[in-house]
Amino acid sequence: TRQPENRKVKTGAAATFEVQAGGGGTIRYQWYRGTAELLGATSSTLTFGNAQASDSGNYSVLVENEVSVVVSQEVTLAVLEPVRIVQQPQSQTARKGDPVTFSVEATGAGPMKYSWEVDGVAFRQTAIPTLILPGVQPAAAGTYRVRVSNAIDSVLSAGAALSVSGPPTITPLPKILVLNP
């Protein structure tokens, strides 16, 4: 005998609950959502081919034969919206010593995590969609990206370039020699 197990899936993905039952005689199954009987759900598996948020809920299965009736543990189907970035981080130019802020806007089932990287090297993970770099130096120049993730998905943003310039400098003009004829 094996109980069904909780499932977390992306919207549109397939999800299956399965129960294994032993015993003699003919075994019959009936799946329930909460206390409501699911019409036609009379096998050892319950499958959602294209799971939607409306399918999220608690499920159980009644298993019976000629001798007894047993109800499985209640399991949960959580259909979660995957991460989608709706506002990418923007490229910026800053002067040496200025603060710089990168931000991203994403939708999807929360909570979300934001893992920032520069030139492919991860360096900061946060619970907020904003990265603040106080007092940037020329070494901070590079391409910044953020990986936004939730319980079922992760998406990497487009790159945002950071250029850092130093203070202006004045280059002396060459002296011009004027000869009097």
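1. Lys-10 and Asp-153 form a salt bridge, with their closest N and O atoms 3.4 Å apart. Lys-10 lies in strand S1 and Asp-153 in the loop between strand S16 (142–149) and strand S17 (154–156), so this pair ties together parts that are 143 residues apart in sequence. Here a salt bridge is a side-chain nitrogen of Lys or Arg within 4 Å of a carboxyl oxygen of Asp or Glu. Strands are DSSP runs (E, at least two residues), numbered from the N terminus.

2. The model is predicted: local features need pLDDT of at least 70, side-chain atom pairs count only at pLDDT 80 or more, and totals for chains, interfaces and linings use all residues. Residues are numbered from 1 along each chain as its sequence is written, and side-chain values use heavy atoms, with hydrogens and water left out.

3. As to accessibility, Asp-153 counts as buried at 15% relative accessibility, whereas Lys-10, at 35%, counts as partly exposed. Buried means under 20% relative accessible area, exposed over 50%, and partly exposed in between (1.4 Å probe, protein chains only).

4. The salt-bridge rule gives a count of 5. One of these joins the side chains of Arg-2 and Glu-18, at 3.4 Å from N to O. Because Arg-2 lies in the segment before strand S1 (7–10) and Glu-18 in strand S2 (residues 15–18), the pair ties together parts that are 16 residues apart in sequence. Arg-2 is partly exposed at 38% relative accessibility, and Glu-18 is partly exposed at 32%.

5. A further salt bridge links the side chains of Arg-95 and Asp-98, at 3.9 Å from N to O. Arg-95 is exposed, with a relative accessible area of 54%, while Asp-98 is partly exposed at 26%.

Terms used: Helix = DSSP H or I, 4+ residues; strand = E, 2+ residues; numbered from the N terminus.
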